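The structure is shown first.

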Amino acid sequence: SEPNEEGMRTISFELNGQRRSITVYDKAIASTTEENRKAETDYEIGAPLQGRISSILVEVDAEVKQNDPLFVIEAMKMETTVSAPFDGIISRIHLSEGAMVKQQDLVVEFVND
């Protein structure tokens, strides 16, 4: 098939009389999808699942307490609220409302003491 926006092609073949299809990455095709930075440290809060950020509930320099809501992700018509894992101050918000995210995409960053 033609490659999709992620550079993936569907290949069909027959095995033991049964038609099969697999999806493979075509290294010759440049992906046109935008990749977000992943959360890598304890001070970086990433998306727990793939979806769309429906609302950001904090601002830069805001002081938050453990379990305060940070942002909401909408996936499959359900909303998941992501809460602060510890007390801290928000140093940066990397994505905005309406952004599509994949698992572990960096959304909010805390001040690193």
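## Aromatic pairs and core

Tyr43 has a relative accessibility of 29% and so counts as partly exposed. This value, like the rest of this report, comes from a predicted model. Phe86, at 24% relative accessibility, is also classed as partly exposed. Phe110 is buried, because its relative accessibility is 1%, under the 20% cut-off.

There are two aromatic pairs in the structure. Their geometry is as follows.

| Pair | Centre to centre | Angle between planes | Class |
|---|---|---|---|
| Tyr43 and Phe86 | 6.0 Å | 75 degrees | edge-to-face |
| Phe86 and Phe110 | 4.8 Å | 55 degrees | tilted |

The pair of Phe86 and Phe110 is tilted because its planes are at 55 degrees, whereas an edge-to-face pair needs over 60. Each pair links distant parts of the chain. Phe110 is in strand β10, 24 residues apart from Phe86. Through these ring pairs, Tyr43, Phe86 and Phe110 form a cluster.

Phe110 also belongs to the largest nonpolar core, which has 18 residues. Phe110 is among the residues with the most contacts inside this core, together with Ile45, Val64, Leu70, Phe71, Ile90 and Val107. At least two core residues come from each of β4 (51-56), β6 (69-75) and β10 (106-110).

Beyond its neighbours within four places in sequence, Ile90 is in contact with several residues, including Val64, Leu70 and Phe110. Other contacts of Ile90 include Val58, Glu59, Asp61 and Glu109.

How values were computed
Residues are numbered from 1 along each chain as its sequence is written. This is a predicted model: local features need pLDDT of at least 70, side-chain atom pairs count only at pLDDT 80 or more; totals for chains, interfaces and linings use all residues. Side-chain values use heavy atoms; hydrogens and water are left out. A nonpolar core is a set of buried Ala, Val, Leu, Ile, Met, Phe, Trp, Tyr and Cys residues joined through side-chain atoms within 4.5 Å. Buried means under 20% relative accessible area, exposed over 50%, partly exposed in between (1.4 Å probe, protein chains only). Helices (H or I, at least four residues) and strands (E, at least two) are DSSP runs, numbered from the N terminus. Contact means heavy atoms within 4.5 Å. Rings of Phe, Tyr and Trp (its six-membered ring) pair if their centres lie within 6.5 Å; planes under 30 degrees apart count as stacked, over 60 as edge-to-face and the rest as tilted.
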